[in-house]
Amino acid sequence: MSEPAIELVEMTKRFRNFTAVDRLSLTVQRGEVFGLLGPNGSGKTTTVNVISGLSRPTSGTVRVLGRDMLTEPRSVRRLLGTIPQETALYEELSAEANLRFHGDLFDVPRSRLSSRIDELLRLVQLEDRRRDRVSTYSGGMKRRLALARALLHDPELLYLDEPTLGVDVQSRRAIWDHVLDLRTRGKTVLITTNYLEEASALGDRLAIIDRGRLVALDSPQELKSRYGDTVLDLVLELAPSPALLVRLRSIDGVTAVNTADGTLKVNLTGDPEATGRVVTAVTGEAKLLRINQHEPDLDEVFLQLTGRELRD
């Protein structure tokens, strides 16, 4: 069996008295699309910087593509392709010039460079705009060009930071298709994203970290099954009273009660009789206009595991 693409064992990163990542252990298999999720300040960026060789861990083991990042960071970086959140393209150069410059940096053989550029511009559907300055491109076109640049030297591991940030629906779908195609070709992809729909659609497995620690790791479906509760959305004629909220929270099987956008949201787990008890309690005090029951989505799992407070 081949070595994992990424292996972190008890990895810790401190900045003076602040612990950004605390004894994080996880493994990303080769050929896997792996999502790294967490609220602001959770340690995602620090973790990726350590994996990319941009930062050294305070302690623990970091191996990427079978190499130790403490002793072989330069050789690993040449096997990585990166799309940062800011695309970092040369705006006054053409798409083709951007790719040629990147090819020279990564020592793509001159005999292959032109054909490789042609191939990737066709892949991201920018062949007819290859000689136009990047400053004339839309946000989605820049993202697709950044993907082509990241793939130019045929990396074994691709890191995408918010790959569809600020792009339209069509460009987002095109980028998703490219990522899924990479998986079919055996490439390993590490994604950080705040679009949980995106993480669910693309990720074979997802790791959720919070305050520097791993809080959950599994496939999107298993995370929803394990941590998600059934949700009742109840629309009332008038806002629920504080006494009703207290009463609902005391019902067996109710795990959370919140109000949002005029809707009373009640999370249920375990007891199959809980739904009836909730409806009885609500209709005993308020006029119920509409009720909807649905299974959890990844957003609800994420909030349950990391909390609802805003982070800077």
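Here are some questions and answers about this predicted model.

Q: How many helices and strands does the protein have?
A: Let's start with the overall build. The C-alpha trace spans about 80 × 45 × 40 Å along its principal axes. Within that span, the protein has 11 helices and 14 strands.

Q: What percentage of the 312 residues in the protein is buried?
A: A residue counts as buried when its relative accessible area is under 20%. The accessible surface of the protein comes to about 15,600 Å², with 48% of it belonging to carbon and sulfur atoms. Of the 312 residues, the buried share is 49%.

Q: What separation lies between the centres of domain 1 and domain 2?
A: The domain assignment places domain 1 at residues 4-224 and domain 2 at residues 229-295. Taken over C-alpha atoms, the centres of domain 1 and domain 2 are separated by 41 Å.

Q: Which residue meets arginine 78 in a salt bridge?
A: Arginine 78 sits in the loop between α2 (73-77) and β6 (80-83), and its partner lies 29 residues away, in the loop between α3 (95-105) and α4 (110-123). The two side chains come to 2.8 Å, N to O, and a salt bridge needs that separation to be within 4 Å. The partner of arginine 78 is aspartate 107.

Q: Is aspartate 107 buried or exposed?
A: Exposed means a relative accessible area over 50%, while partly exposed lies between that and the 20% limit for buried. Arginine 78, at 37%, therefore counts as partly exposed. Aspartate 107 has a relative accessible area of 57%, so this residue is exposed.

Q: Which residue forms a salt bridge with arginine 133?
A: Arginine 133 lies in the loop between α4 and α5 (139-151), and its partner is 41 residues away in the loop between β6 and α3. The side chains meet at 2.8 Å, N to O, and the partner is glutamate 92.

Q: How far apart are the closest N and O atoms of glutamate 127 and arginine 122?
A: Glutamate 127 is partly exposed, with 35% relative accessibility. Arginine 122 is also partly exposed, at 47%. The pair forms a salt bridge, as the cut-off is within 4 Å and the closest N and O atoms are separated by 3.9 Å.

Q: Which residues are linked in a network of salt bridges?
A: A search of the whole structure finds 20 salt bridges. Some of the charged residues are joined in a network, and its members are Glu96, Arg100, Asp118 and Arg130.

Q: Which residues make a nonpolar surface patch of about 370 Å²?
A: One member, leucine 93, is found in the loop between β6 and α3. The patch is made by Tyr90, Leu93, Phe101 and Leu105.

Q: What is the bridge partner of leucine 234 in β13?
A: Strand β11 (residues 230-236) runs antiparallel to β13, and six bridges join them. Five of the six residues of β13 are buried, so this strand is largely enclosed by the rest of the structure. Within the pairing, leucine 234 has as its bridge partner leucine 264.

Q: Which residue in the turn between β12 and β13 has a positive phi?
A: β12 (residues 254-260) and β13 (residues 263-268) pair in the antiparallel sense over six bridges. Among the bridge partners are asparagine 258 with lysine 265, and alanine 260 with threonine 263. The two strands form a hairpin with two residues between them, and the turn residue with a positive phi of about 55° is aspartate 261.

Q: What separation lies between the C-alpha atoms of glycine 284 and leucine 245?
A: Glycine 284 belongs to the loop between α10 (274-283) and β14 (288-294). This glycine is exposed, at 69% relative accessibility. Although glycine 284 and leucine 245 are 39 residues apart along the chain, their C-alpha atoms are separated by 13 Å.

Q: Which residue just after α11 takes a positive phi?
A: In helix α11 (residues 298-306), the buried residues are Leu298, Glu300, Val301, Phe302, Leu305 and Thr306. Just after the helix comes a residue with a positive phi of about 90°, and that residue is glycine 307.

Notes: Residues are numbered from 1 along each chain as its sequence is written. This is a predicted model: local features need pLDDT of at least 70, side-chain atom pairs count only at pLDDT 80 or more; totals for chains, interfaces and linings use all residues. Side-chain values use heavy atoms; hydrogens and water are left out. Helices (H or I, at least four residues) and strands (E, at least two) are DSSP runs, numbered from the N terminus. Buried means under 20% relative accessible area, exposed over 50%, partly exposed in between (1.4 Å probe, protein chains only). Two strands pair if DSSP finds at least two bridges between them. Domain bounds come from an automatic or database domain assignment. Patches are made of residues with over 30% relative accessible area and no salt bridge: like charges are joined within 9 Å, nonpolar side chains (Val, Leu, Ile, Met, Phe, Trp, Tyr) within 5 Å. Accessible areas come from the Shrake-Rupley method with a 1.4 Å probe; for residues, only the protein chains shown count as cover.
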